[in-house]
Amino acid sequence: MQNVKRRDFIKLVGSAGAVSGLTAMGIPTSVLAKASGKVVIVGGGFGGATCATYLKRWGPDIDVTLVERDSEFITCPFSNEVIGGNLELKDITHSYDGLKKRGINVVHDEVTGIDAGAKKVSLKGGQELAGDMLVLSPGIRFIYDRVENDTKVEESMPHAWKAGPQTMLLRKQLEAMNDGGTVLILPPPKPFRCPPGPYERASLIANYLKNNKPKSKIIIVDSNTSHSKQKAFHAAWDHLYGLGEGKMIQWIPENEGGKLESLDPGAMSVTTTFGDTFKGDVVNFIPYQKAADLVENAGLTNKDGWCDVNQDTFESKVAKGVHIIGDSCVAGAMPKSGHSAASQAKNTAAVIVSRLAGQEPPEPTYANTCYSFISPDFAISVAAVYRFQEGSIKRVAGGVTPPYPEEKERFYKNEAKYTRGWYKSITSEGWG
Amino acid sequence: MRTLQLHITGLVAGILALLLISGPALADGVSRGALLASMCETCHGTDGVGAKPMQSINGMDVKDFVDFMKAFVSREEASTMMYRHAEGYTDEEIQAMAEYFKDR
Ligand SMILES: Cc1cc2nc3c(=O)[nH]c(=O)nc-3n(C[C@H](O)[C@H](O)[C@H](O)COP(=O)(O)OP(=O)(O)OC[C@H]3O[C@@H](n4cnc5c(N)ncnc54)[C@H](O)[C@@H]3O)c2cc1C
């Protein structure tokens, strides 16, 4: 808004030479309100950390408190690199010291309740924190009732869909597997966190197997009929690993027998609605997902278990002054990604800073980029720009990497370099 | 009538002066340019300086910035990713981004 205003002023005044100081004119400086107030953010992941950073950047006088359960943040992005054996957990672990240095009060505790009316959260440790506005970015929760016997399989069939011990468990199981073994990847039905995630995982596991256990296979028994960047993934798999029955990667979509009926963690097998049973030496069962427990228990979710927000301000449809961003919210055409969460966080920070300064927020703008490694030297991506139109977020531009070999090998190699650049930039923006 | 006009002009000029002097340090809301630029910053880094091999886009001549963005869309300038982002913005928006990064 500032730029537009400046331009209008220049037009009005004619020339900046006529300018004299505001105070010299005897006009109180309070004409231009400074943004001040208190904001409490819950969740120090991609949405919460980025929002805290931008609130402080754009509104240095705002008192920003971030509440996060864990003492460090382990990113899901690049956790497939850990599973594939190319990185260690410490490489994707970020401390909250960077946020503290930015002047943000970081409180490590679990939020147990939200009083949306009073814009107050209560912590497990007994403390209560109130703000002029709340920002909630608590991520997802897993639903274990979709498939028969799917409860308590986290140890035998790890999901690794929250990064940390689960990531290491899946990695260890792959290391322990004999050459010639079968890895089953079981993606949940949409919508879920990181639509290309299961397929990037298949790629990086295939890369590990190709180099270490080349007789092994991966079968993706999918609860969806199609998947993210499908053509680009399949062309790259065919090129690097082999795709199809009897090849290193096999993909079985929902309509061709991929729909799950039951799991048998004892036998390490899964049976589909077509009556087929697949046995795995390693089984990655990714459960169905909904918005985090916190927002569910606070009554902020819709009948499908996600949070409805006004998609221009990310203010909850059911609680004024409570903004919900990231995986938990319904954000029109935007996928549930860390990049989307960061984009939503910046828009929300702009809304809050403007409102606290008594001004109209700027028109929203959103972007997403999801890179996926096929191998450490070969990546593909999907990118999009979005606008707020007719009440929801619509995609207005973007696209997927052309499937190999439409571009030269080098194109995909460069995408892999940019994937690593993306990770460094987005995480230093978030955690310093 | 004439004095009133002068007064209004003076007031506007005063506000303009304050805006020009204070720059981004004054938290007077968030400009559309800053918000648009923040979309670039996710990859290109805060103030347009980020991790390599992402191109730093700070301090760039406005004309050059605009020229690159247009050439990404027309594919005259080769890119892996930028052609997909650049086509999502209007000329006015690209101009606002360029002006934002010029001063960083
Ligand atoms: C394997 C995998 C790969 C991925 N790769 C990519 C990628 O390459 N690019 C990309 O953009 N995205 C990727 N994603 C998606 C990305 O991880 C999520 O979309 C992103 O983390 C969402 O951000 P968020 O802020 O909504 O939630 P999160 O980042 O999950 O943050 C939520 C935070 O809230 C905290 N929290 C929750 N409840 C409470 C409570 N009650 N009290 C206190 N704290 C609480 C949690 O501890 C957590 O730190 C990937 C995901 C997976 C699973």
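Glu363(A), Arg387(A), Arg32(B) and Glu93(B) are linked in a network of salt bridges, a salt bridge being a side-chain nitrogen of Lys or Arg within 4 Å of a carboxyl oxygen of Asp or Glu. The structure is a predicted model, in which local features need pLDDT of at least 70 and side-chain atom pairs count only at pLDDT 80 or more, whereas totals for chains, interfaces and linings use all residues. Residues are numbered from 1 along each chain as its sequence is written, chains are lettered from A in the order in which they are written, and side-chain values use heavy atoms, with hydrogens and water left out.

Chain A is assigned domain 1 (6-139 + 292-431) and domain 2 (148-288), with bounds from an automatic or database domain assignment. Their C-alpha centres lie 31 Å apart. In the interface, 33 residues of domain 1 of chain A are in contact with 34 residues of domain 2 of chain A (heavy atoms within 4.5 Å). The two domains bury about 2,700 Å² between them, 67% of it on carbon and sulfur atoms; buried area is the accessible area (1.4 Å probe) that two parts lose on being put together, summed over both. On the side of domain 1 of chain A, Asn80(A), Ile83(A) and Ile374(A) lose the most area to domain 2 of chain A, together 26% of what that side buries. One salt bridge is counted between the domains. Arg193(A) forms a salt bridge with Asp327(A), with the closest N and O atoms 2.6 Å apart.

Over all chains, the whole structure holds 21 salt bridges. In one of them, the side chains of Asp61(A) and Lys34(A) meet at 3.3 Å, N to O. Asp61(A) lies in the loop between α2 (46-58) and β2 (63-68) of chain A and Lys34(A) in the loop between α1 (2-13) and β1 (38-42) of chain A, so the pair ties together parts that are 27 residues apart in sequence; helices (H or I, at least four residues) and strands (E, at least two) are DSSP runs, numbered from the N terminus. Asp61(A) is partly exposed at 42% relative accessibility, where buried means under 20% relative accessible area, exposed over 50% and partly exposed in between (1.4 Å probe, protein chains only).

A further salt bridge joins Arg355(A) and Glu315(A) (3.1 Å, N to O). Because Arg355(A) lies in helix α9 (residues 338-356) of chain A and Glu315(A) in strand β20 (residues 315-316) of chain A, this pair ties together parts that are 40 residues apart in sequence. Arg355(A) is partly exposed, with a relative accessible area of 34%, whereas Glu315(A) is buried at 7% relative accessibility.
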